Amino acid sequence: MPSLQQIADELSVSVSLVSKVLNNRLGTTGARPELAARIHDTAQRLGYRKNLNAAALKAGRQQAIAVLIHRHGSQGSGLVEALLAGISHATRQRHQRQILSFYDGIAEFAEIVHEYHTGMIDGLIVSGVRHPNLMDELLGLHSRGLPIVTVFNRPISDVLPNVGTPDDQIILAAMRHLIALGRRRILHVSSLKDREVGYDLGLKEAGLERDEDLVFYDRGDDNTFVLENGVRAVRRALANNVAFDAVCAQSDTQALGAMHELIRAGKRIPEDIVVTGVDDSPFARLAFVPLTSVDQRYEDRGQQAVELLDRLVRQQPTQSIDFEPVLNVRQSTEPANADPESTVNDQRTTN
């Protein structure tokens, strides 16, 4: 890569002047506009690029961030991959390095973060399962001056900027779609009470009463969002002669389980019963009936987390941001000859 010296030699000017022009730090130094333009043109022609790492070190930055993730989502959901794709895209643009670690529980989290310090990284992004007992560890790091951004569906602390997609809005997006299709007896496969709030909001908007027979809650022992939950929900409803015309599941794997059981029972999807899931997993498009699913926008959120962290490092004002979920409509709620997949996309900022 050409140096400042090469540019200066070609134009017969000082290295100091070239540096000041290219870094927009002329101050009281005089430089004719035509000379400054020639310096920029020569730098571009020679392919000069600013040494961002050197500039960062001069500013006291390491050009490295740590990313800690508690794996979440069912196997194959693609949530972690989407998050890392967004983070990688944003850090690559900023010429930053990533230090990636996965943790399982508070003890391992504490062990990992105690190795980090501001002389090693510029900041920390934490995502995955939202454990409330992480808050003390995170606030301790924050109090010692480490910039931190979280990527949870809702903030873990008012002190730490978060990039979220509210759980109630995730299910509400699915419910609005189902109700717009004319469905009124909607079986809800629930594992998170926060998401169940969205189910109730959807019913309320449509002027419908909640029927407890239509809500299947099964948190289980670490069995959240598994295929068996969808199977059991449909099996119980059919065995108890509970009438329903739609299934609103809290994950794609639950939805897949529900679809398996419906087909075993001789039901047609979507003609008899429509089904929605959450996560927009890679397999949602490949299901035997392509699955309508809600995307939590982890890739967008990963990029935004890097942006917020960069602002924190530069000591600029930041605030938490919520992304609206995206509903991807497929054949599990529309006939095969319906319009191609559609999406709704928006973003909002919260205080």
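1. **Ground rules.** This is a predicted model, where local features need pLDDT of at least 70 and side-chain atom pairs count only at pLDDT 80 or more, while totals for chains, interfaces and linings use all residues. Residues are numbered from 1 along each chain as its sequence is written, and side-chain values use heavy atoms, with hydrogens and water left out.

2. **Overview.** The protein chain has 12 helices and 13 strands; these are DSSP runs numbered from the N terminus, helices being H or I of at least four residues and strands E of at least two. Out of 351 residues, 49% count as buried, where buried means under 20% relative accessible area, exposed means over 50% and partly exposed is in between (1.4 Å probe, protein chains only). Take the contacts (heavy atoms within 4.5 Å) between residues at least 6 apart in sequence: 70% of them join residues at least 24 apart.

3. **Pairings to trace.** Strand β1 (residues 64-70) pairs with β3 in the parallel sense over six bridges, and Val 67 stands opposite Ile 125 in β3. On to the next pair: β3 (residues 123-128) and β4 are parallel over four bridges, with Ser 127 opposite Val 151 in β4. Which way do the β4 side chains point? Ile 148 and Thr 150 go one way, Val 149 and Val 151 the other, and all are buried.

4. **Asn 162.** This residue is found in the loop between β4 (148-151) and β5 (163-164). Why does Asn 162 count as buried? Because its relative accessible area is 0%. Its side chain makes a polar contact with the side chain of Thr 150 at 2.7 Å. The term covers a pair of N or O atoms within 3.5 Å; within protein, one must be able to donate a hydrogen and the other to accept it, and residues adjacent in sequence count only if both atoms are side-chain atoms. The Asn 162 side chain also reaches the backbone oxygen of Phe 152 at 2.9 Å. Beyond its neighbours within four places in sequence, Asn 162 has contacts that include Arg 154, Pro 155, Ser 320 and Ile 321.

5. **The six-stranded sheet.** The other open sheet to look at has the order β7-β6-β8-β9-β10-β12, with mixed pairing. Here the edge strands are β7 (215-217) and β12 (326-328), each pairing on one side only. Neighbouring strands are turned by 15 degrees against each other on average, direction ignored. Helix α9 (residues 193-205) lies across β6, β7 and β9 (274-278), at about 165 degrees to β6. Helix α11 (residues 252-264) lies across β6, β8 (246-249), β9 and β10 (292-295), at about 155 degrees to β9.

6. **Lys 193 and Tyr 217.** Strand β6 (residues 186-190) pairs with β7 in the parallel sense over three bridges, and Tyr 217 in β7 is the bridge partner of Ser 190. What lies over the face of Tyr 217? That is Lys 193, at 4.1 Å from the ring centre; the rule asks for NZ of Lys or CZ of Arg within 6 Å of the ring centre and within 35 degrees of the ring normal. Lys 193 lies in helix α9 and counts as partly exposed because its relative accessibility is 45%. The C-alpha atoms of Lys 193 and Tyr 217 are separated by 8.5 Å, with the two residues 24 apart along the chain. Elsewhere, Arg 301 lies over the face of Tyr 298, at 4.3 Å from the ring centre.

Terms used:
Two strands pair if DSSP finds at least two bridges between them. Axes are lines fitted to C-alpha atoms, for helices over the stretch in contact, and angles run from 0 to 180 degrees between N-to-C directions.
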